[in-house]
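Subject: Handover of a structure

Dear colleague,

Please find below the sequence and the structure that I am passing on to you. A short account of the findings comes after it.

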Amino acid sequence: MVQLSDIQKQAEELSEEDRKGLVAFLLHGMSGLPSGPNDEELGQREAEMDSGSVTPISHAEFLSEVGRITR
């Protein structure tokens, strides 16, 4: 049987692009994860921004809020 530690060592040897592909593959195979907003929710949020009832934030502000460093 394959051990997790063996897979982790092999994953470290992959290129960044291949690691991203592996992550996408693994996430796609997991159940119970939210798939993201549906078309109805996207339409509702777009209408809210168009009407001015919400104020959009910049991309830099978004990244700051989720704890990522802007480049």
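The paragraphs below describe the overall fold, the surface and one residue in some detail.

Please note at the outset that this is a predicted model. The protein contains 4 helices and 0 strands, and the order along the sequence is α-α-α-α. Its radius of gyration is 19 Å, whereas the globule rule gives 11 Å for 71 residues; the value is well over that figure, so the protein is more spread out than a compact globule. Along the principal axes, the C-alpha atoms occupy a box of roughly 55 × 30 × 15 Å.

With regard to burial, 3% of the 71 residues in the protein are buried.

Leu-33 is located in the loop between helix 2 (16-28) and helix 3 (39-51). Why does Leu-33 count as partly exposed? Its relative accessibility is 43%, and the partly exposed class lies between the buried limit of under 20% and the exposed limit of over 50%; Leu-33 therefore belongs to that class.

Yours sincerely

Terms used: Residues numbered from 1 in each chain as written. Predicted model: local features only at pLDDT ≥ 70, side-chain atom pairs only at ≥ 80, totals over all residues. Heavy atoms only, no water. Helix = DSSP H or I, 4+ residues; strand = E, 2+ residues; numbered from the N terminus. Rg over C-alpha atoms; globule rule 2.2 N^0.38 Å. Buried < 20%, exposed > 50% of the residue type's maximum accessible area, 1.4 Å probe, protein only.
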